[in-house]
Amino acid sequence: MPNPKRRHSKTRGRKRRTHYKAVAPAVGLCSNCGEPKMMHRVCPSCGYYDGKSVTIPKGKN
Ligand SMILES: [Zn+2]
């Protein structure tokens, strides 16, 4: 098993992680109901994806 020869400093790890950025979620509008929804996800308000009803949304029965 390869193993690190020396421990590196807290600063070194933290400096590497300065490049880690939070990414804003891709939000779009549902083509069925027009509500804002996350892209590439089933619409939480109507349960549609790609023009088809995929799920029954919770709390709306
Ligand atoms: Zn919808």
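What geometry do the four donor atoms form at the site of the zinc ion? In this predicted model, the site is tetrahedral, with angles of 104 to 116 degrees among the four donor atoms. As a reference, the ideal angle for four tetrahedral donors at a metal is 109.5 degrees. The donors on the protein side are the SG atoms of Cys30, Cys33, Cys43 and Cys46, and these lie 2.2 to 2.3 Å from the zinc ion. Read along the sequence, the donor residues follow the spacing C-x2-C-x9-C-x2-C. Cysteine 33 belongs to the loop between β1 (27–29) and β2 (36–38), whereas cysteine 43 belongs to the loop between β2 and β3 (48–49), so this pair ties together parts that are ten residues apart in sequence.

The zinc site can now be placed within the chain as a whole. The C-alpha trace spans about 60 × 25 × 20 Å along its principal axes. The radius of gyration of the protein chain is 22 Å, while a compact globule of 61 residues would have a value near 10 Å. Of the 61 residues, 15% count as buried. The accessible surface of the protein chain amounts to about 5,900 Å², and carbon and sulfur atoms account for 55% of that area. As for contacts between residues at least 6 apart in sequence, 0% of them join residues at least 24 apart.

How far apart in space are lysine 58 and proline 44, C-alpha to C-alpha? The distance is 8.3 Å, although 14 residues separate lysine 58 from proline 44 in sequence. Lysine 58 is located in the segment after β4 (52–53). With a relative accessible area of 81%, lysine 58 is exposed.

Most residues other than glycine have a negative phi. Histidine 40, by contrast, has a positive phi near 65 degrees. This histidine 40 sits in the loop between β2 and β3, which is also the loop that holds cysteine 43. Histidine 40 counts as exposed, at 64% relative accessibility. Aspartate 50 likewise is not a glycine and has a positive phi, of about 55 degrees. Its place is the loop between β3 and β4, and aspartate 50 counts as exposed at 62% relative accessibility.

The protein chain has a mean pLDDT of 90, and 95% of its residues reach 70 or more.

Note on methods: Residues numbered from 1 in each chain as written. Predicted model: local features only at pLDDT ≥ 70, side-chain atom pairs only at ≥ 80, totals over all residues. Heavy atoms only, no water. Donors = N, O, S within 2.8 Å, 3.2 Å for Na, K, Ca; no water. Tetrahedral: all angles 85-135°; square planar, octahedral: opposite > 155°, others 65-115°. Helix = DSSP H or I, 4+ residues; strand = E, 2+ residues; numbered from the N terminus. Rg over C-alpha atoms; globule rule 2.2 N^0.38 Å. Buried < 20%, exposed > 50% of the residue type's maximum accessible area, 1.4 Å probe, protein only. Contact = heavy atoms within 4.5 Å. Areas by Shrake-Rupley, 256 points an atom, 1.4 Å probe, with all protein chains shown as cover. pLDDT = per-residue confidence, 0-100.
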